[in-house]
Amino acid sequence: MGGGSVKVDDETNEVVFNIEVPRKSSTALQANAVAPWSSFADLSGAVTAKTSAFDASKMTLQYKEDGAADWTEVPYSSLVSATPDNYSYRLKNLSANTKYVYRFAYNDGDTKVNSNEVTFTTEKATQIENSSFENLQNI
């Protein structure tokens, strides 16, 4: 909690107020909506608040199939940052028509924060008609 003190100098009739305002700095992460394809998804997010001690290299992207127990981590070094505090990653080799969940995570040993979790479903893989030229006729 905050506190304060008042100091009165009787010689100069000066009054000094010292008011302590407690501040709790925090780190906050945001995962954004996804537009997935059948085998990949472009994921993105942002650091929406951070302390002065924030070390971006301690951030990861985590994903898993919906309902799975364990998260797979993508290290900070694999994330793309086009602008400060905004990150993206193309998650490849996904299974078609499958539900996934992802989030950003930060852990520097003292501070551990996870973003919101975003769920998405990859598209169903569709075979394009005549894509292997099965209906090719002699010309």
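How many aromatic pairs does a search of the whole structure find? I ran it and got 6 aromatic pairs. My cut-offs: rings of Phe, Tyr and Trp (its six-membered ring) pair if their centres lie within 6.5 Å, and planes under 30 degrees apart count as stacked, over 60 as edge-to-face and the rest as tilted.

Before going on, a note on the source: this is a predicted model, where local features need pLDDT of at least 70, side-chain atom pairs count only at pLDDT 80 or more, and totals for chains, interfaces and linings use all residues. Residues are numbered from 1 along each chain as its sequence is written, and side-chain values use heavy atoms, with hydrogens and water left out.

**Entry: the rings**

I looked at phenylalanine 54 and tyrosine 106 to begin with. Their ring centres are 4.7 Å apart and the planes lie at 20°, so I logged the pair as stacked. This pair links distant parts of the chain, 52 residues apart: phenylalanine 54 is in the loop between β4 (41-49) and β5 (59-65), and tyrosine 106 is in strand β9 (residues 99-107). Strands here are DSSP runs (E, at least two residues), as are helices (H or I, at least four), numbered from the N terminus. Both phenylalanine 54 and tyrosine 106 are buried, where buried means under 20% relative accessible area, exposed over 50%, and partly exposed in between (1.4 Å probe, protein chains only).

Then I checked tyrosine 102 with phenylalanine 104. That aromatic pair is edge-to-face, with 6.1 Å centre to centre and 75° between the planes. Tyrosine 102 is buried at a relative accessible area of 0%, and phenylalanine 104 counts as buried at 2%. Ring pairs link Tyr100, Tyr102, Phe104 and Phe120 into a cluster.

I also found a charge over a ring (NZ of Lys or CZ of Arg within 6 Å of the ring centre and within 35 degrees of the ring normal). Here the charged end of arginine 103 sits over the ring of tryptophan 71, 3.9 Å from its centre.

**Entry: strands and β9**

How many helices and strands does the protein have? I counted 0 helices and 11 strands. Buried residues make up 26% of the 139 residues.

I followed β9 next. β9 is mostly covered, with 7 of its 9 residues buried. For pairing I need at least two DSSP bridges between two strands. β9 pairs with β5 in the antiparallel sense over 7 bridges, and tyrosine 63 stands opposite tyrosine 102 there. β9 also runs antiparallel to β11 (118-121), joined by 4 bridges. In β11, valine 118 is the bridge partner of tyrosine 102, and threonine 119 is that of valine 101.

With strand β10 (residues 112-114), β9 pairs in the antiparallel sense over 3 bridges, and tyrosine 106 stands opposite valine 113. β9 and β10 form a hairpin with 4 residues between them, and glycine 109 in the turn has a positive phi of about 100°.

A reminder to myself: in a regular strand the side chains alternate between the two faces of the sheet.

**Entry: the open sheet**

I traced an open sheet of 4 strands in the order β3-β4-β8-β7, with antiparallel pairing. β3 (28-31) and β7 (80-83) stand at the edges with a single partner strand each, so one side of each has no neighbour in the sheet. β7 pairs with strand β8 (residues 86-91) over 2 bridges, antiparallel, and valine 80 stands opposite serine 88 in β8.

**Entry: the core**

Which residues have the most contacts inside the largest nonpolar core? They are Leu43, Met59, Leu61, Tyr102, Phe104 and Phe120, in a core of 23 residues. By my criterion, a nonpolar core is a set of buried Ala, Val, Leu, Ile, Met, Phe, Trp, Tyr and Cys residues joined through side-chain atoms within 4.5 Å. β9 gives the most to this core, with 4 residues.

Last, threonine 27, which lies in the loop between β2 (14-20) and β3. Threonine 27 counts as buried at 8% relative accessibility.
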